[in-house]
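Biologist: Hi, could you put the model up so that we can go through it together?

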Amino acid sequence: MNDKPILRYNANERSNHWLVAILFILAGLSGLALFHPALFWLSHLFGGGPWTRILHPFLGLAMFVFFLGLVVRFWRANFISGNDRLWLRRIDRVMRNEEQGVPSIGKYNPGQKLLFWTLLLCMLVLLFSGVVIWRAWFSQYFGIGSIRLATLLHALAAFVLVLSVIVHIYAGIWIKGSASAMLHGRVSRAWAKKHHELWYREVTREDPPDSQISKKG
Ligand code: HEM
């Protein structure tokens, strides 16, 4: 049997992903420094208060631009399919690690897909609300009511984004082999078959034992 590992992420995809992760941490820490006086000490990491205020929007903008790189690369693989809906209805079996009655899935499982769209929504809200509250360049074009609403939405979207990334990291650690896919690019055939069977069949061109199984993940 062929036991050559399968390529899951090429070098460009991995660099893009880790750049977004680094920018997320920098934008997050500088944002927290501005969020509450109790966290203002974090501004020392960025050269003090004024520098934090100058840098935070640019870090956020860079995170958004590079995140779009991930969206362009992965959006197709994140469409929700019929198999995914059934997988979600049987989430109790998935949580109990049962395989009976749980449909095969493609490159990403429905949990990852929902997380992907949540990340995109948060990024869009952060971008648009961030422009409105960017005093140096754009705030003068908006009324105080819009600026207040945008401030609230900005904090809410950041909160949901941070929670989502925590879930994302937890899932990456929980599913052994995932983190290594994003670090080294390749996964074992056994991993691909166990966690993403339809994707495994697609990349290895192996026919499913049951031809009734949908080929779209
Ligand atoms: C900082 C720590 C992070 C870790 C440890 C991490 C880990 C991972 C891992 C292991 C995968 C591969 C999952 C698989 O192939 O099944 C992945 C994929 C991905 N990550 Fe991250 N990640 C981090 C941060 C982020 C951030 C900040 C974002 C964006 C806000 C992000 C967005 C993505 C996307 C879009 C994918 C592709 C999965 C999909 O399209 O559904 N990651 N990450």
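Biologist: Let's start with H168: how accessible is H168?
Modeller: H168 counts as partly exposed, at 38% relative accessibility. On this scale buried is under 20% relative accessible area, exposed is over 50%, and partly exposed is in between (1.4 Å probe, protein chains only). Keep in mind that this is a predicted model: local features need pLDDT of at least 70 and side-chain atom pairs count only at pLDDT 80 or more, while totals for chains, interfaces and linings use all residues. Residues are numbered from 1 along each chain as its sequence is written, and side-chain values use heavy atoms, with hydrogens and water left out.

Biologist: Good to know. Which residues coordinate the iron atom of the ligand?
Modeller: H17 and H168 do, each through NE2, at 1.9 to 2.0 Å. Donors here are N, O and S atoms within 2.8 Å of the metal (3.2 Å for Na, K and Ca), and sites may look incomplete because water is not among the atoms.

Biologist: Why is the arrangement called octahedral?
Modeller: The six donor atoms around the iron subtend angles of 84 to 179 degrees, which makes the arrangement octahedral. The rule for six donors is that opposite ones are over 155 degrees apart and all others between 65 and 115.

Biologist: Is H17 buried or exposed?
Modeller: H17 is buried, with a relative accessible area of 15%.

Biologist: What else is around the ligand? Which residues come nearest?
Modeller: There are 22 residues around the ligand, and R8, Y9, H17, Q112 and H168 come nearest. A residue is near a molecule or strand if one of its heavy atoms lies within 4 Å of it. By class, the shell has 16 nonpolar, five polar and one charged residues. In that scheme Ala, Val, Leu, Ile, Met, Phe, Trp, Tyr, Cys and Pro are nonpolar, Asp, Glu, Lys and Arg are charged, and the others, Gly among them, are polar.

Biologist: Which helix gives the largest share of that shell?
Modeller: α1 does, with five residues. At least two shell residues each come from α1, α2 (49–74), α5 (110–132), α6 and α7 (178–184).

Biologist: How far is Y9 from an oxygen atom of the ligand?
Modeller: A polar side-chain atom of Y9 lies 2.5 Å from a ligand oxygen. The side chain of N78 also has an N or O atom 2.8 Å from an oxygen atom of the ligand. Polar contacts are pairs of N or O atoms within 3.5 Å; within protein, one must be able to donate a hydrogen and the other to accept it, and residues adjacent in sequence count only if both atoms are side-chain atoms.

Biologist: Changing topic: how many aromatic pairs are there in the whole structure?
Modeller: The search finds eight. One of them is F74 with Y108, edge-to-face at 6.2 Å centre to centre and 80 degrees between the planes. F74 is in helix α2 and Y108 in the loop between α4 (91–95) and α5, 34 residues apart. Both F74 and Y108 are buried. Rings of Phe, Tyr and Trp (its six-membered ring) pair if their centres lie within 6.5 Å; planes under 30 degrees apart are stacked, over 60 edge-to-face and the rest tilted.

Biologist: Which residues form the aromatic cluster?
Modeller: The cluster is W75, F79, F116 and W117. F116 is found in helix α5 and is buried, at 9% relative accessibility.

Methods: Tetrahedral: all angles 85-135°; square planar, octahedral: opposite > 155°, others 65-115°. Helix = DSSP H or I, 4+ residues; strand = E, 2+ residues; numbered from the N terminus.
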